[in-house]
Every structure is written in C-alpha cells, then in structure tokens.
Amino acid sequence: MASLLDFAQQGDVATISDDQYLNRTLKLMEPQQLYELWERQQWQSQAIELERDREDWAKFSDEEKDQIMWGLSSFFVGEERVTTQFSGLVMAYEDEQEEAFLTTQQVDEARHMQFFDRYYREVFRVDGERIEDRLARVRENVTDAFLTLFDENLVEAGERLIRDPSDLATKVEFITAYHMVIEGTLALTGQHFLLDYFEKKGLLPGFVEGFSNIARDEHRHVAYGTWFLQQKTSEDEAHVKKVQDTLTELLPTAAGVLVPPGYKLGDEYEFFGYTSQEQNEFAFTALSRRLKVIGVGLPVAA
C-alpha cells in the first residue's frame with residue numbers, strides 16, 4: 001500500500017494537489033514516523049558551500065541587495081523566535097513518541113537560525129561578534145505585524161503552555177499558531193516563492209540548498225501539527241472552536257508580515273516577481289487543504 005509520503009512532501013497534505021484525497025479519514029503520519037523521517041534527513045548548516053553565493057552577491061545592485069536582505073530578515077529573526085519559544089510544547093508531550101519528535105523540531109529550528117546567521121555573516125557581510133548582534137541589526141527590517149505575531153502572540157502562548165503543559169486547550173492554540181499560521185501559512189509560502197525565484201535565475205546556489213533543506217524540515221513539522229489537530233478536534237468540539245478562534249485572531253496579523261516597505265495590507269505589490277495575489281492564493285490554498293484534513297472549516301469573518 002502506498003504511504004502518504006508517496007503523495008505529499010514530508011507528509012504535509014497541503015502539497016497534495018488532487019483534492020479527492022483530502023478528507024478527515026486520511027491517515028496521517030504519526031510522530032514516530034516523522035521522527036524516523038528526521039533521522040534519515042540530516043544536514044549541516046555549516047557545511048554548505050557559499051563561495052558562488054558570495055560571487056553572485058557582489059554582482060547585485062544595491063536595490064536588489066536591499067530587497068533580498070529585507071525578504072530574508074523575517075526568516076532569520078523568525079527562526080530565532082520559534083527556537084526560543086518552543087520549550088513549552090516539548091514539555092507538553094503526551095507520550096515518548098511525541099516527545100522524541102518535538103525535540104527534533106526544536107533542534108531543526110536552531111539549525112535554521114544557524115544557517116541564516118552564517119549566511120548573513122559570510123555572504124551579506126553583516127558584522128557582529130555574536131548571533132544576537134546580527135539579529136539586532138536584522139530586526140530593524142521586520143514589520144510591526146511581525147513583532148506583534150512573534151514577540152507578543154507567540155511568546156504569550158508559549159508562556160501559558162510553560163505555566164501548565166497539561167492544558168490541552170493551550171496546546172491546541174499554540175500548535176494552531178505555530179504550525180498552521182507561522183510555519184504553514186507564512187514560512188512555507190515565502191519559501192516557495194523565494195526558492196522558485198532563485199532556482200529559475202540560477203543564483204545563490206548555497207542559499208537554495210540550505211533554504212530547500214529548511215523548507216523540507218518545515219513541511220515535516222507542519223505534518224505533525226496537522227496530525228495533532230486532526231486527533232484533538234475529532235475528540236472534542238471545543239478544540240474545533242479553539243482552532244477557529246486562534247486563526248481568526250492571528251491570520252489578519254500574519255497577512256501583514258510579508259508586506260514590503262512602502263505598502264500597506266490590501267495594496268497590490270510584487271514579492272520577488274510574484275504578485276501579492278499569487279502569494280495570498282498560495283497561502284490560502286495550503287491552509288485550506290490542511291484544515292480540510294483536520295476537519296475544521298475556515299473561520300468566517302464577523
């Protein structure tokens with residue numbers, strides 16, 4: 001029998017293009033399977049060759065450099081944020097299989113942060129003795145919406161989970177925010193278009209390699225979040241409402257995270273050659289596919 005991996009990238013149902021496969025009865029990959037997948041997919045953030053990237057970078061115009069550095073700033077800072085705010089979810093594990101997988105995700109997030117720090121240091125030549133020095137510089141580029149989502153909403157949800165790891169409603173809220181909104185709606189959307197842009201241009205091969213590894217990791221993470229929410233929403237209707245309420249609260253903020261400087265939410269703009277409409281449609285489709293399998297409808301605006 002074919003496994004979910006034969007139809008979806010890393011078990012992430014959002015990558016299944018044929019909707020006939022998408023329903024709540026779809027058997028998702030469980031934490032143990034995702035842990036074993038992680039063991040087979042190791043990579044080293046410090047081993048990727050960046051010499052060609054330095055050569056490509058020197059040829060970009062100042063305007064192009066500004067656009068690229070702005071586009072990657074939310075990823076660099078975001079990886080630091082999700083690394084430091086993940087401990088509460090690790091503490092909230094329900095069995096040893098889930099515990100094993102969740103610890104791999106925190107390791108992944110730290111590795112992602114290390115890759116971006118190395119790239120900013122060795123290719124972009126952003127000075128600073130420590131990672132936090134470069135992060136402080138890069139933070140100047142993130143939007144107000146980013147700060148609200150990552151420094152307020154995510155931090156507060158993580159703190160509530162640390163205070164009581166047994167609170168299942170808080171765990172549902174955290175996973176909805178983290179796996180459905182931050183990783184599933186924001187990160188994987190931005191990664192899709194950035195990778196497509198640089199692959200087609202044949203530029204920054206080291207970045208493409210590292211970012212592809214990061215995207216692969218995050219599809220695996222989102223596969224876990226989809227599995228968890230499918231399990232819990234099928235057990236208690238209150239969890240369905242918690243998922244919808246969390247999406248209602250966070251999606252408007254998330255929509256503003258990748259809006260470029262000089263634009264506001266609702267404006268039309270281009271992101272590395274792709275329109276804001278293309279970006280929004282990709283994110284909406286991916287989220288809709290995951291929610292369909294979870295068994296939760298999209299929240300309806302009041």
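Colleague: Which polar atom lies 2.7 Å from the side chain of T176?

Modeller: The backbone oxygen of V172 sits 2.7 Å from a polar atom of the T176 side chain. Bear in mind that this is a predicted model.

Colleague: Where is T176, then?

Modeller: T176 belongs to helix α8.

Colleague: And is T176 buried or exposed?

Modeller: Buried, because its relative accessible area is 0%, and the cut-off for buried is under 20%.

Colleague: What does T176 touch, if I skip residues up to four places away in sequence?

Modeller: With those left out, T176 touches V181, L229, V243, T246 and L247.

Colleague: How far is T176 from D62?

Modeller: The C-alpha atoms of T176 and D62 are 38 Å apart in space, and the two residues are 114 apart in sequence.

Colleague: Back to α8 itself. How many residues does it have, and how far does it reach?

Modeller: Helix α8 runs over residues 168–201, which is 34 residues. From first C-alpha to last it reaches 46 Å, close to the 50 Å expected at 1.5 Å a residue.

Colleague: Where does α8 bend?

Modeller: At E183, by about 40 degrees.

Colleague: How many of the α8 residues are buried?

Modeller: 26 of the 34, so α8 is mostly covered.

Colleague: What about the two ends? What reaches the backbone nitrogen of A169 at the start of α8?

Modeller: A side-chain oxygen of D167 does, coming to within 3.1 Å of that nitrogen. At the other end, just after α8, G202 takes a positive phi of about 70 degrees.

Colleague: Switching topic: at what angle do α3 and α5 pack?

Modeller: About 145 degrees, with the axes of the two helices 8 Å apart. Here α3 covers residues 62–84 and α5 covers residues 96–122. The crossing of α3 past α5 is left-handed.

Colleague: Which residues meet there, between α3 and α5?

Modeller: On the α3 side they are M69, L72, S73, F75, F76, E79, E80, V82 and T83. Their partners in α5 are Q106, E109, A110, H112, M113, F116, D117 and Y120.

Colleague: One more threonine, T253. Which helix is T253 in?

Modeller: T253 is in helix α10, residues 237–255.

Colleague: Why does T253 count as buried?

Modeller: Because its relative accessibility is 19%, and buried means under 20%.

Colleague: And what is T253 in contact with, leaving aside neighbours within four places in sequence?

Modeller: Beyond those neighbours, T253 makes contact with A145, T148 and L149.

Notes:
Residues numbered from 1 in each chain as written. Predicted model: local features only at pLDDT ≥ 70, side-chain atom pairs only at ≥ 80, totals over all residues. Heavy atoms only, no water. Helix = DSSP H or I, 4+ residues; strand = E, 2+ residues; numbered from the N terminus. Buried < 20%, exposed > 50% of the residue type's maximum accessible area, 1.4 Å probe, protein only. Contact = heavy atoms within 4.5 Å. Expected span 1.5 Å × (residues − 1). Bend = angle between axes of the 7 residues up to and from the residue. Polar contact = N/O pair within 3.5 Å; in protein donor to acceptor, adjacent residues only side chain to side chain. Axes fitted to C-alpha atoms, helices over the stretch in contact; angles between N-to-C directions. Left-handed = near helix turned anticlockwise from the far one by under 90°.
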